[in-house]
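Good morning. I will take a few minutes to walk through one structure, so please have it in view.

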Amino acid sequence: MPFNLFGKSQKAPTSEEAINKLRETEEMLGKKSEHLEAQMNKELQLAKQYGTKNKRQALQHLKKKKMLEQQLAQCDNTLTTIEFQREALMNAKANADVLKTMQTASGAMKQIHKANNIDNVEDVM
């Protein structure tokens with residue numbers, strides 16, 4: 001269980017809260033990826049514009065584009081990790097729900113078997 005700086009325990013988030021937070025983060029990273037791609041295209045256009053006229057500025061824009069590509073790759077890797085985490089959390093929640101259902105069914109079967117003891121079966125026959 002997580003602790004804060006002063007030792008008070010924090011309540012662990014529910015699975016729904018965690019899934020929603022992961023979805024929000026996915027959306028934010030998707031928007032960031034789109035923004036980075038737009039910036040990369042802008043830098044490429046500027047590099048083409050300067051082309052042979054001003055080689056130094058063209059190279060500067062290409063370097064900035066390369067830096068943006070690295071940021072985009074990092075953003076995509078983070079997005080992939082978050083997607084896997086969200087899927088794993090959803091699967092764990094589904095497994096927990098199945099287990100609860102199975103426990104309920106097991107309890108119901110025990111009640112039925114308790115009501116049908118050997119004496120009741122013998123009386124019927």
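I will start with the chain as a whole, then go to the first helix, and end with the salt bridges.

Please keep in mind that this is a predicted model. The protein chain has three helices and zero strands. Read from the N terminus, the order of the elements is α-α-α.

Now some totals. The protein chain has 125 residues, and 14% of them count as buried. Its accessible surface is about 10500 Å², and carbon and sulfur atoms hold 56% of that. Among contacts with a separation of 6 or more, 66% are between residues 24 or more positions apart.

Next, helix H1. It covers residues 15–50, which is 36 residues.

Which residues of H1 are buried? They are Ile19, Leu22, Glu26, Leu29, Ser33, Leu36, Met40, Glu43 and Ala47. Part of what covers them is helix H2, residues 55–115.

Two of the names in that list are glutamates, Glu26 and Glu43, and I will take them in turn.

Glu26 lies in H1. Its relative accessibility is 15%, and it counts as buried because the cut-off is under 20%. What does Glu26 touch, leaving aside residues up to four places away in sequence? The answer is Leu79, Ile82, Glu83 and Arg86.

Glu43 is also buried, with a relative accessible area of 7%. Its side chain meets that of Lys64 in a salt bridge, at 3.9 Å from N to O. This pair links distant parts of the chain, since Glu43 is in helix H1 and Lys64 is in helix H2, 21 residues apart. Lys64, for its part, is partly exposed, at 39% relative accessible area.

That brings me to the salt bridges in general. Side chains of opposite charge can pair when their charged atoms come close. How many salt bridges are there in this model? The count comes to six.

One of them joins Lys65 and Glu69, with the closest N and O atoms 2.6 Å apart. These two residues are four apart in helix H2, so about one helical turn separates them. Lys65 is buried, with a relative accessible area of 16%, while Glu69 is partly exposed, at 33%.

Another salt bridge is formed by the side chains of Arg86 and Glu87, at 3.4 Å from N to O. Is Arg86 buried or exposed? Arg86 is buried, with a relative accessible area of 13%. Glu87 counts as partly exposed, at 37% relative accessibility.

To go back over the main points: the predicted model has three helices and zero strands. H2 is part of the cover over the buried residues of H1, and the salt bridge of Glu43 and Lys64 links these two helices. That is the end of my part.

Notes:
Residues numbered from 1 in each chain as written. Predicted model: local features only at pLDDT ≥ 70, side-chain atom pairs only at ≥ 80, totals over all residues. Heavy atoms only, no water. Expected span 1.5 Å × (residues − 1). Buried < 20%, exposed > 50% of the residue type's maximum accessible area, 1.4 Å probe, protein only. Contact = heavy atoms within 4.5 Å. Salt bridge = Lys/Arg side-chain N within 4 Å of Asp/Glu carboxyl O. Areas by Shrake-Rupley, 256 points an atom, 1.4 Å probe, with all protein chains shown as cover.
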